Amino acid sequence: MTRTAYEEIFGPVGRRVERGRRAAAWWMKGLTGAERHILVELRWRLGDEIMAIPIYEALRTIYAPCTITVLCNYPDLLEGNPHVDRINELPSQVDRYILLRSDARDVPRIEHYARLCQVPTPTARPALYLKDWQTPYLDGLSRPVVALCSGASWTTKCWPIVRWRDLAERLVNEGCSIVELGKGDESIGIGKSLVDRTTVREAACVLRGVNLMICGDSGLMHLSLAAGTPTIAMFGPTDPCMLVIKDPNLSPLLGGCDQQGCWNRWEQAEPGKCPLAEKAPETGARCMEAITVGTVFARAQAILRRHREGRA
């Protein structure tokens, strides 16, 4: 869903003129204390847009008074956000334009965003501000409810579907209800499938209402954490420390092979390709192959046990 960037509408010459105008307006309004207008463009993948959420509060804090407009692919993520004034509506005036549609391998994503925005790295975690979290999708399901998401943007981030089915069966035998979320993913086939049936907002409400989410490194992992849900996530080619910082709801599982986190460790690593692919025929990633069903199930049992004890 990536679109032509905002600045492209001006053309090569017009772009330079517009940048000069913005710089002058930003400087003058900074001197006079007038309200400044910031346009932030992301329009990227779900997880990337979620990771950027704390940036808007940082901009508001550092550059007050200001208005903030965000161009994005997932406006549901910013519903009710008190730090965003407009969503996908070009303002009549722009004093500063920030394009966030980029990543960095060797620094945490939120730090990379902060550098682009010239603000201190936020300490707040991504969070949603929905006022109504109610959802009919969980009606009639017995507790505890566990959400599963087998998909990810790269094949090398995926766990074998046969293991997902084994895990789901074990959870059902423990008395759990299963809800499956995702988009275009192969169905696990156990429990209630909501694959391709929810909007981002609806998926967030489902995740808010379940007791546990189990997934790989995916956009729905970030959505689950932003909804405040305990989340077990399996990591292979990516390093969780580069994506999520100090979130008590994240329980990461790493395969621990020699190439673990290769995307963040080596510039020569290619997205979706594993240096040891020939040794992992099921997923194409040896690090994901190393994560066993027993390991994931035991971690789920521990989290659900703490949940039951907390309610007792």
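Start by selecting Leu42, Glu49, Ile53, Tyr56, Val70, Cys72, Tyr74, Leu77 and Leu78, the residues that line the second largest cavity. On a 1 Å grid over the protein atoms alone, a cavity is a set of points where a 1.4 Å probe fits but cannot get out, and a lining residue has an atom within 4 Å of a point. Colour this lining by type and you get eight nonpolar residues, no polar ones and one charged. (Ala, Val, Leu, Ile, Met, Phe, Trp, Tyr, Cys and Pro count as nonpolar, Asp, Glu, Lys and Arg as charged, and the others, Gly among them, as polar.) The volume here is about 40 Å³, where volume means the space filled by probe spheres set on the grid points, which are joined across faces, edges and corners. The structure holds two cavities of 30 Å³ or more.

A word on what you have open: this is a predicted model, in which local features need pLDDT of at least 70 and side-chain atom pairs count only at pLDDT 80 or more, while totals for chains, interfaces and linings use all residues. Residues are numbered from 1 along each chain as its sequence is written, and side-chain values use heavy atoms, with hydrogens and water left out.

Next stop, the pockets. A pocket is an open set of points with protein on both sides within 12 Å along at least five of seven lines. Select Arg45, Leu46, Gly47, Ser218 and Gly219, which are the closest to its centre of the 39 residues that line it. Its lining divides into 17 nonpolar, 11 polar and 11 charged residues. Now show helices H2 (46-51), H6 (200-209), H7 (219-226) and H8 (262-265): each supplies at least two residues of that lining. (Helices are DSSP runs of H or I with at least four residues, strands are runs of E with at least two, and both are numbered from the N terminus.)

The second largest pocket has about 290 Å³ of space. Of its 22 lining residues, Ala124, Arg125, Pro126, Val244 and Ile245 are the closest to the centre. Which helix gives the most to this lining? Select H7, which gives three residues.

Switch to the cartoon view for the sheet. Four strands form an open sheet in the order S3-S2-S1-S4, with parallel pairing; two strands pair if DSSP finds at least two bridges between them. S3 (86-87) and S4 (96-99) stand at the edges with a single partner strand each, so one side of each has no neighbour in the sheet. S1 (residues 36-41) is joined to S4 by four bridges, and Ile38 stands opposite Arg96 in S4. Helix H1 (residues 11-32) packs on the sheet, touching S1 and S4, and its direction makes about 135 degrees with that of S1. (Contact means heavy atoms within 4.5 Å; axes are lines fitted to C-alpha atoms, for helices over the stretch in contact, and angles run from 0 to 180 degrees between N-to-C directions.)

Last, zoom in on the backbone. Most residues other than glycine have a negative phi, and most peptide bonds are trans. Select Ala64 and Pro65: the peptide bond from Ala64 to Pro65 is cis, with omega near -5 degrees. Pro65 sits in the loop between H3 and S2. Then pick Asn88, in the loop between S3 and S4; its phi is near 55 degrees, a positive value in a residue other than glycine.
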